[in-house]
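The exercises below concern the packing of helices, a sheet and aromatic rings.

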Amino acid sequence: MNVSQADIASIVQQTLTQFRPHRGFTFRSPAVTVTGGHCVNQLGEVLKELGATKVLLVADKQVHQLGLTASCEAAIALSGLELTLFTDIAGEPDSDCIKAGSETLSRCGADFVLGVGGGSALDAAKAIAVLGDYAGKLTDFRVGGIASRRVGLGAIPTTAGTGSEVTDITVIKDLAQGIKVPVKGPALVPDMALIDPALMLGVPAGITAATGIDALTHAIEAYISRHSNPLSKAYAYHAIEAIGKALPIAVGYGQDIDKRYDMAVAAYKAGLAFSNAGLGLTHAISHQIGARYHLAHGVANAILLPYVMAFNALSCEAELAEVANALGVGRESMTSRERCRAAVHAVRQLVMDLGLPTSLADVDIAKRDIPLLAEQAMKDICLQGNPRDVSPGQVASLLQQMLAGTLPEGYC
């Protein structure tokens, strides 16, 4: 029997796939991370060490207008590096914004893209640095695989939430289809992350609360993800622990730089965790609601997270019981199920304490949209990490419960 080279190659590939290391994992993180109050003053030195000569600084319009990029600009100027600003980001980044930013990058000839601001600016900077070199529709990249870029990439968050400064993912709204597209790939991990809590002191309480719950969602979903690994679990657990202690104080007294620092590092840890372990159903639904109703991502997560935790408990009761321990509500006298339920109620109580909504009815989600939202959530890449299998009907049922504002009593 004649066997072609293509057949042989296929057999070899299948064999290699079957014998991949059991329980092995890959872990990605920035090459350089700088932290500490006012560490932004070191920015120029760090950029030069990374080989930058011309920098494109990508920032939220509001962040730039408030002067939060001024210290970054000054540090870059003092180092003698060329600087170009791109601040045309008024909300969550979309395909038009990325196109405009990519054109600016091409014109100025920068060899380093630096994102400064909240998740929108960091996601935009990452997309500009990577997608400008690729032709095709934005949705072509939703499954990942982008492995290279020709420019350096750095991120400086001004909120403690998204973790985008460390992740291999960016989320861009595709205006042609009206959906949010999560794009994933190793080239999206920044070369440098700079965490300066002094840049976060002026963040309003409402934004601090929403972004903080976003970080908590990242940590919890990463901890219970079916793709979790020992490193991601360690980062996620300590992020949950820190957020439970620091977030109420950061919201209630925003000038506490120590709690701002604790939150910033926790968001960083949560980012490392979910970037390497994946997310779950909360984010799969949140992306659809955010795109359709223009609801802030952290607010959407605040509503959804307790319901999804209760639903997922059927498959991850033990892990959620450990989440209760991290949040300080687990007791030795409790059964695993009792600690699991304590975790769900602790998260909901925290959301209420921070003044965030707990029902989709609070944000005017239309009942008629539930089937479409459920259908779109099933296509979201984040669903791959969810610990429990889910059907469109179950997503629709969960959305109904979220509208009613009543947590399910049982796991089903």
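The model is predicted, so local features need pLDDT of at least 70, side-chain atom pairs count only at pLDDT 80 or more, and totals for chains, interfaces and linings use all residues. Residues are numbered from 1 along each chain as its sequence is written, and side-chain values use heavy atoms, with hydrogens and water left out. Helices (H or I, at least four residues) and strands (E, at least two) are DSSP runs, numbered from the N terminus.

**Exercise 1.** Determine the strand order of the open sheet and identify its edge strands.

Solution. 
- Step 1. Two strands pair if DSSP finds at least two bridges between them. Six strands form the open sheet, in the order S1-S8-S5-S4-S2-S3, and the pairing is parallel.
- Step 2. Strand S1 (32-35) and strand S3 (82-86) each pair on one side only and are the edge strands.
- Step 3. Ignoring direction, neighbouring strands are turned by 15 degrees against each other on average.
- Step 4. Strand S2 (residues 54-59) is joined to S3 by five bridges; Val58 has Phe86 in S3 as its bridge partner.
- Step 5. Helix H4 (residues 70-78) packs on the sheet and touches S2, S3, strand S4 (112-117) and strand S5 (152-157). The direction of H4 makes about 180 degrees with that of S2.

**Exercise 2.** Describe how helix H5 packs against helix H6.

Solution. 
- Step 1. Axes are lines fitted to C-alpha atoms, for helices over the stretch in contact, and angles run from 0 to 180 degrees between N-to-C directions. The axes of H5 (residues 95-108) and H6 (residues 119-131) come within 9 Å and cross at roughly 55 degrees.
- Step 2. Angles under 35 degrees count as roughly parallel, over 145 as roughly antiparallel, 65 to 115 as roughly perpendicular and the rest as oblique. H5 and H6 are therefore oblique to each other.
- Step 3. Contact means heavy atoms within 4.5 Å. H5 contributes Ile98, Gly101, Ser102 and Leu105, while H6 contributes Ala124, Ala127 and Ile128.

**Exercise 3.** Describe the packing of helix H7 against helix H8.

Solution. 
- Step 1. The axes of H7 (residues 205-224) and H8 are 9 Å apart, at an angle of about 160 degrees.
- Step 2. H7 and H8 are therefore roughly antiparallel to each other.
- Step 3. Among the contact residues are Ala205, Gly212 and Tyr223 of H7, and Lys233, Ile240 and Val251 of H8.
- Step 4. Ala, Val, Leu, Ile, Met, Phe, Trp, Tyr, Cys and Pro count as nonpolar, Asp, Glu, Lys and Arg as charged, and the others, Gly among them, as polar. The contact of H7 with H8 has 17 nonpolar, two polar and one charged residues.

**Exercise 4.** Classify the aromatic pair of Phe27 and Tyr235, and locate both residues.

Solution. 
- Step 1. Rings of Phe, Tyr and Trp (its six-membered ring) pair if their centres lie within 6.5 Å; planes under 30 degrees apart count as stacked, over 60 as edge-to-face and the rest as tilted. The structure holds two aromatic pairs.
- Step 2. Phe27 and Tyr235 are 5.9 Å apart centre to centre, with 20 degrees between the planes, and the pair is stacked.
- Step 3. Phe27 lies in the loop between helix H1 (5-18) and S1, and Tyr235 in helix H8 (residues 230-252), so the pair ties together parts that are 208 residues apart in sequence.
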